[in-house]
Amino acid sequence: MQANSSEKQGQGNFIHDIIDQDMASGKYGGRVHTRFPPEPNGYLHIGHAKSICLNFGTALKYGGKCNLRFDDTNPTKEDVEYVESIKEDVRWLGFDWEDREFYASDYYEQLYECAIKLIEKGKAYVCDLSAEEIREYRGTLTEPGRPSPYRNRSVEENLDLFRRMRAGEFPDGSRTLRAKIDMASPNINMRDPVIYRISRAHHHRTGDKWCIYPMYDFAHPISDSIERITHSICTLEFEDHRPLYDWFLDELGAYHPQQIEFARLNLTYTVMSKRKLLELVKNGYVSGWDDPRMPTISGLRRRGYTPEAIRNFCERIGVAKANSTVDIALLEHCLREDLNLRAPRAMAVLRPLKVVIDNYPEGQVEWFDAEINPEKPELGTRKIPFAKVIYVEQDDYSEDPPKGWFRLAPGKEVRLKYAYYITCREVVKNDAGQVVELHCTYDPASRGGWTEDGRKVRGTLHWVSAAHAIPAEVRLYDKLFTVENPDEGDFRANLNPDSLQILPDALLEPGLKEAKPGDCFQFLRQGYFCMDPDSTPDRPVFNRTVGLKDSFKGGK
RNA sequence: UGGGGGAUCGUCUAGUGGUAGGACGACGGGUUCUGGCCCCGUUAGCGAGGGUUCGAGUCCUUCUCCCCCAGCCA
């Protein structure tokens, strides 16, 4: 499966406007080449999906290319585990980087040469200041910085020192290579930024070959340039790094892509920072990066989201420069829209209530036809067994029903989907006064679920045959946080204690025996569910992906 | 209080001097063997004040509010 440009195009956005102009002016010879540049230091989340869809989607739209490039310049935080998960997630989302899987670490030698060139031009110097001293010299937002005492070393000395930094002659953190720009710049990023640091960290790809590593601000523009990127799309916080991006490329006289910034995605009831997501995992608030409550791509996948739903969501939210927080209801809408068309229907009773149909012949079993998906009649039907003892949903019976109640209640007649009309005749309670069993009668003339007398039966219930049902565990998920913006204050205090509810005694229609982990279904009148990898042959586990919309406003 | 950005229905987003539109949400109705889907309708917005213009969300101006930046993180 591959995302393609025929997918419903939303309205344009300001980035495409810029590209249109560039195409018209021939700025890059009619070429569009983007890149998705994750740092392999965590799992991808829905916010990254926005960037992935933007970068790959833009390339697709203009018949260009999009590279996958790992921005791996900080070995202390990165790991192959993350590289693998990122590749899996991008692929799953439906995008193909073909043979263009790149790493900033592939360019370490070239980056080093660029640094040498800068030094030779007198535009970079080796600085012996400590981290704390550099901070002091940098000044503040309102006060200019002061030049480092090492700022005017000779080119020869800088060359010598930098080569010896690479050779490992100096301890970690003892020296840095800094760009020589302007310590009085109102833009703090231009106050002689560090471009190389000494760190004897083991790199997941280059091993121990290097003990100096380039900084993002230096590696990124050069990596973009090497890959002949045309439009380097990144998030808003890099806006005031752009002068630096441009400075490096100009000083190096290198091919010069243009950086364009857009607003990252925020979602209501969700935290999106890697740090917070990591904390949820590390502290056991969730079961892992792929916990179905997580906004990670792997979590959404396990929850039962589809790539199509996510892509469509990313298309609909648009791309702009204003900070915004998208209502999670829009994501859920896109999900239901997709699942409604693709999910086979099934009947499952989550909280079973036993029903005995007194006038139905003992031992008789009838197999009824049920639609696989009413949205796609061409898919045909499946068979479901009906018998004297069935289970219905506890919520579908009320002893004292509110106004407008269509479901079961004493003396009320309802339709069992695809089967018969039944009327509630008798209620059995336990010592605690709880309803444990219903006795009903059925109307043989309603076979298949309707009668010729035009009788109006508003309520239609899902059900399973007691003798044929498959026991299962169902996991109901709710929002992970109780407030729209969990980032206000301590996000851990906003965790929803009821975000996971386990239903151990659910019963499924027998056809679900064939289901495999990852398969998704619509459980009639309940929602969309997908089989979890925790399932075993004798105990299937289903995750509720998202509930159905419910417009019943039962009130007394 | 330096610099860089940003403000359009509740939310997201179009609009590039000529009737402020769409989507989600909410509300109401139709349809229905899923209180789903689908269909119809209602709701509701240009941050504020000046100015230019026949005409301003759009141009000018003053102001207000919000976000980002002082990692040897990205």
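1. Helices (H or I, at least four residues) and strands (E, at least two) are DSSP runs, numbered from the N terminus. This is a predicted model, in which local features need pLDDT of at least 70 and side-chain atom pairs count only at pLDDT 80 or more, while totals for chains, interfaces and linings use all residues. Residues are numbered from 1 along each chain as its sequence is written, chains are lettered from A and ligands numbered from 1 in the order in which they are written, and side-chain values use heavy atoms, with hydrogens and water left out.

2. T270 lies in the loop between β9 (258-262) and α9 (274-282). With a relative accessibility of 12%, T270 is buried (under 20% relative accessible area; exposed is over 50%, partly exposed in between; 1.4 Å probe, protein chains only). Residues up to four places away in sequence aside, T270 touches P295, I328, F481, E484 and P486 (contact means heavy atoms within 4.5 Å). T482 is 212 residues from T270 along the chain, yet their C-alpha atoms are 9.5 Å apart.

3. E426 belongs to strand β17 (residues 421-429). E426 is partly exposed, at 44% relative accessible area. Neighbours within four places in sequence aside, its contacts are E437, L438 and H439. Between the C-alpha atoms of E426 and E437, eleven residues apart along the chain, the separation is 8.6 Å.

4. The largest nonpolar core has 40 residues, and I46, I52, F56, V90, L267, I310 and F313 touch the most other members. Such a core is a set of buried Ala, Val, Leu, Ile, Met, Phe, Trp, Tyr and Cys residues joined through side-chain atoms within 4.5 Å. Elements giving two or more residues to this core include α2 (46-61), α3 (80-92), α11 (307-317) and β24 (527-531). The largest share, six residues, is from α2. A second, separate core of 36 residues has L161, M190, I195 and F248 among its members.

5. I310 is in contact with I46, A49, W92, L93, L300 and Y305, leaving aside neighbours within four places in sequence.

6. Helices α4 (residues 108-120) and α7 (residues 216-226) have axes that come within 10 Å and cross at roughly 110°. Axes are lines fitted to C-alpha atoms, for helices over the stretch in contact, and angles run from 0 to 180 degrees between N-to-C directions. The two helices are therefore roughly perpendicular (65 to 115 degrees). At this crossing, Q110, L111, C114, A115 and L118 of α4 meet F218, A219, I222 and I226 of α7.

Notes:
Parallel < 35°, antiparallel > 145°, perpendicular 65-115°, else oblique.
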